[in-house]
Amino acid sequence: YFKIKKTIELKPQEINNIIKLKQSYWKYNFKSQKQFFKQNYQVNDLHILLHNRSSLIGYNCLKLNKKNAKKFILLDSFIVSPKFKGKGLSNILLAKTINEILNLNMETFLYSNKNSINLYRNYGFKKSYDYSLVSKKKNRPLLKLIY
């Protein structure tokens with residue numbers, strides 16, 4: 001099942017569960033991950049949590065941004081538990097995320113690793129070279145949702 005919560009609505013245990021899931025992919029210690037979380041997520045960012053019973057097995061965040069009076073979304077931290085890889089959960093999580101994006105009706109960008117580009121392309125993301133709203137990241141292609 002899914003839960004969608006703003007940062008301000010997340011309980012401390014939910015934040016800890018997000019950090020533990022992120023640690024399965026990014027190799028930073030718990031304390032630095034928690035500090036990163038507090039510094040980089042705003043109160044109204046949307047966190048999409050995918051649960052299997054009581055366990056968090058998938059997560060991403062829709063960071064709501066504004067630059068030069070233009071609002072946009074940055075899809076951030078798309079991750080599925082390694083225990084559940086290959087079971088189609090990335091597709092389920094991304095479909096739910098796209099549904100939320102369509103409801104918000106805002107331009108949406110993400111930085112992709114090379115091995116995830118095809119997944120995102122299947123859902124309407126195209127390579128973008130428009131860095132007017134977001135900065136360029138070395139070795140991370142920028143994709144934009146086209147719908």
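Ile 101 lies in helix α3, where helices (H or I, at least four residues) and strands (E, at least two) are DSSP runs, numbered from the N terminus. The model is a predicted one, in which local features need pLDDT of at least 70 and side-chain atom pairs count only at pLDDT 80 or more, while totals for chains, interfaces and linings use all residues. Residues are numbered from 1 along each chain as its sequence is written, and side-chain values use heavy atoms, with hydrogens and water left out.

Ile 101 counts as buried because its relative accessibility is 0%; buried means under 20% relative accessible area, exposed over 50%, and partly exposed in between (1.4 Å probe, protein chains only). The accessible areas come from the Shrake-Rupley method with a 1.4 Å probe, and for residues only the protein chains shown count as cover.

The largest nonpolar core has 21 residues, of which Leu 62, Leu 75, Phe 78, Leu 94, Ile 101, Tyr 120 and Phe 125 touch the most other members. Two or more residues of this core come from each of β2 (46-52), β3 (55-67), β4 (70-80), α3 (89-104), α4 and β7 (142-145). The element that gives the most is α3, with 5 residues. A nonpolar core is here a set of buried Ala, Val, Leu, Ile, Met, Phe, Trp, Tyr and Cys residues joined through side-chain atoms within 4.5 Å. In soluble globular proteins, nonpolar side chains tend to be buried together.

Ile 101 and Leu 62 are 39 residues apart in sequence, and their C-alpha atoms are 8.1 Å apart in space. Leu 75 lies in strand β4 and counts as buried because its relative accessibility is 5%. Between Leu 75 and Phe 125, which are 50 residues apart along the chain, the C-alpha separation is 11 Å.

## A buried aspartate

Asp 45 is found in the loop between α2 (30-40) and β2. With a relative accessibility of 2%, Asp 45 counts as buried. The C-alpha atoms of Asp 45 and Cys 61 are separated by 6.9 Å, although the two residues are 16 residues apart along the chain.

## Salt bridges

The whole structure holds 4 salt bridges, a salt bridge being a side-chain nitrogen of Lys or Arg within 4 Å of a carboxyl oxygen of Asp or Glu. Among them are the pairs in the table.

| Salt bridge | N to O distance |
|---|---|
| Lys 3 and Glu 14 | 3.6 Å |
| Lys 5 and Glu 14 | 2.9 Å |
| Glu 107 and Lys 144 | 2.4 Å |

The pair of Lys 3 and Glu 14 links distant parts of the chain: Lys 3 belongs to strand β1 (residues 2-6) and Glu 14 to helix α1 (residues 12-23), 11 residues apart. Lys 3 counts as partly exposed, at 29% relative accessibility. Glu 14, in contrast, is buried, with a relative accessible area of 10%. Lys 5 is buried, as is Glu 14. Together, Lys 3, Lys 5 and Glu 14 are linked in a network of salt bridges.

A further salt bridge joins Glu 107 and Lys 144. Glu 107 lies in strand β5 and Lys 144 in strand β7, so this pair ties together parts that are 37 residues apart in sequence. Glu 107 is partly exposed, with a relative accessible area of 22%.

## Exposed loop residues and a positive patch

Asn 105 is found in the loop between α3 and β5. Its phi is near 55°, a positive value in a residue other than glycine. Asn 105 is exposed, with a relative accessible area of 56%.

Asn 139 lies in the loop between β6 (125-127) and β7. The phi of Asn 139 is near 60°, again a positive value in a residue other than glycine. Asn 139 counts as exposed, at 59% relative accessibility.

Lys 114 is placed in the loop between β5 (107-111) and α4 (117-121) and counts as exposed because its relative accessibility is 61%. Lys 114, Arg 121, Lys 126 and Lys 127 form a positive surface patch. Patches are made of residues with over 30% relative accessible area and no salt bridge, like charges being joined within 9 Å and nonpolar side chains (Val, Leu, Ile, Met, Phe, Trp, Tyr) within 5 Å. Lys and Arg count as positive and Asp and Glu as negative, whereas His and the chain ends are not counted. The place of a charge is taken as NZ of Lys, CZ of Arg, CG of Asp or CD of Glu.
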